[in-house]
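Here are my notes on the model, as numbered points. Please keep the structure open while you read them.

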Amino acid sequence: MSRPMHDAARNGQARLAVDYVATDAPLGLLRGDDVLAVFGFGHAAPAALDDPRYLRVPLEPHGAAPFEVWRANAPVMRGCDDGVRWASDGELMFGVIEVPEQDGDVQAAACIAYARMAAFTAGSRTPHLLRIWNYVDAITFGEGDDERYRAFCVGRARGLGDFDVRSLPAATAIGRCDGERVVQVYWLSSAAPGTPVENPRQMSAYRYPRQYGPQSPSFARAMLPPAGSAMPLLLSGTAAIVGHASMHHGELLAQLDETFHNFDALVGAARGHDLSLPPRFGAGTRLKVYVRDRDDLQPVADALQRRFGDAVPCLLLHAAICRRELAVEIDGVHGHPPG
Ligand code: 3EB
């Protein structure tokens, strides 16, 4: 027997809608009892709103500064336990952990954050990690294996403990630019497992060769949501990397084009699992575009306007990419246009 859509919550079906909302009154965004998370960006956004569902990401937006809103199934429960701020509708969990670095030890802070996240999610109704965002200050500071991104990768893997690379979540790891040495990790996990997707144009990050550090980065290129859920494909941070090599050093717009070639291939691979996914980015896509140099923000905004017009909501953020030669990185979600 088929059930009507509004029974989704009782049906055990995950639902997630991601939107960018312009408002002067973010508190109002938290009023909905289907709201799983709200994100503000940059110094103008409130630092806190006395609600674990709200998080400020310390990256400055370019131009309009919307809030990002995640809606799930009502009712959403929430709390703060074991150093974790969380919200959950029983099918999906949003969680956030912020760990200050002791004496700049990013490896130790990442290890603590990941061990805490792993323990918290494993003990919850929503143990399957779908997607993780990592914000680390001064991410390319330090030389060789002392580079802070490499140290972060070591701490992340240690904190995760034993894991199978074939079930790693999708992820973003980006440099915050505010000088606060706090490792900020937030995630989306679910009651039912998703399906990780790799990119045929890119080597799996967890197989990167030794030249990129002692611990290869622990993430999948994308995550398909649990079968039967009303959720978009979750796209990891994607840049102008082909195989394992960075392309187009010093060529901003060529890097942007290469990044979209990578997305075409990634969405193609995801469509191998779910042919109903639109082959092209459109009204069901949301992109967060991370740009390293302030002076590149407007050229990237112009290029996105030429490529998509207003068809694809994009949020531009000033942020450091974890390889110095990469000028731009993009993540987001991709699904069906709102019906
Ligand atoms: C790359 O493709 C670019 O370490 O979690 C993208 C997404 C990148 C996630 C991570 C790193 C991470 O390797 C960098």
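1. Start with the largest cavity. Its lining divides into eight nonpolar, one polar and five charged residues. Here Ala, Val, Leu, Ile, Met, Phe, Trp, Tyr, Cys and Pro count as nonpolar, Asp, Glu, Lys and Arg as charged, and the others, Gly among them, as polar. The space inside comes to about 110 Å³. Of the 14 lining residues, Glu68, Trp133, Lys288, Gly332 and Val333 are the closest to the centre. Strand 19 gives the largest share of the lining, three residues.

2. How these spaces are defined: on a 1 Å grid over the protein atoms alone, a cavity is a set of points where a 1.4 Å probe fits but cannot get out. A pocket is an open set with protein on both sides within 12 Å along at least five of seven lines, and lining residues have an atom within 4 Å of a point. Grid points are joined across faces, edges and corners, and a volume is the space filled by probe spheres set on the points. The count is one cavity of 30 Å³ or more.

3. This is a predicted model: local features need pLDDT of at least 70, side-chain atom pairs count only at pLDDT 80 or more, and totals for chains, interfaces and linings use all residues. Residues are numbered from 1 along each chain as its sequence is written, and side-chain values use heavy atoms, with hydrogens and water left out.

4. Confidence next. pLDDT is the predictor's confidence in each residue, from 0 to 100. The protein chain averages 95, and 97% of the residues score at least 70. Over residues 1–10 pLDDT stays under 50, and the model has five contacts (heavy atoms within 4.5 Å) for them beyond four places in sequence. Where pLDDT is low, the predicted coordinates should not be read in detail.

5. The largest pocket has a volume of about 540 Å³. Of its 28 lining residues, Leu16, Ala230, Met231, Pro232 and His336 are the closest to the centre. Strand 1 and strand 19 (328–334) each give two or more residues to the lining. Strand 1 gives the most, with three. By class, the lining has 16 nonpolar, eight polar and four charged residues. Strands are DSSP runs (E, at least two residues), as are helices (H or I, at least four), numbered from the N terminus.

6. Now the packing. A nonpolar core is a set of buried Ala, Val, Leu, Ile, Met, Phe, Trp, Tyr and Cys residues joined through side-chain atoms within 4.5 Å. Of the 42 residues in the largest one, Leu36, Phe39, Trp70, Phe94, Tyr186, Leu188 and Tyr290 touch the most other members. Strand 2 gives the most to this core, four residues. Not counting residues up to four places away in sequence, the contacts of Phe39 include Tyr54, Trp70, Phe94 and Tyr186. A second, separate core of 29 residues includes Met93, Val136, Val183 and Val185.

7. Ala74 and Pro75 are joined by a cis peptide bond, with omega about -5°. Pro75 is in the loop between strand 5 and strand 6. Asp82, not a glycine, has a positive phi of about 50°. Asp82 is exposed, at 62% relative accessible area. His248 also has a positive phi, near 60°, and is partly exposed at 24%. Buried means under 20% relative accessible area, exposed over 50%, partly exposed in between (1.4 Å probe, protein chains only).
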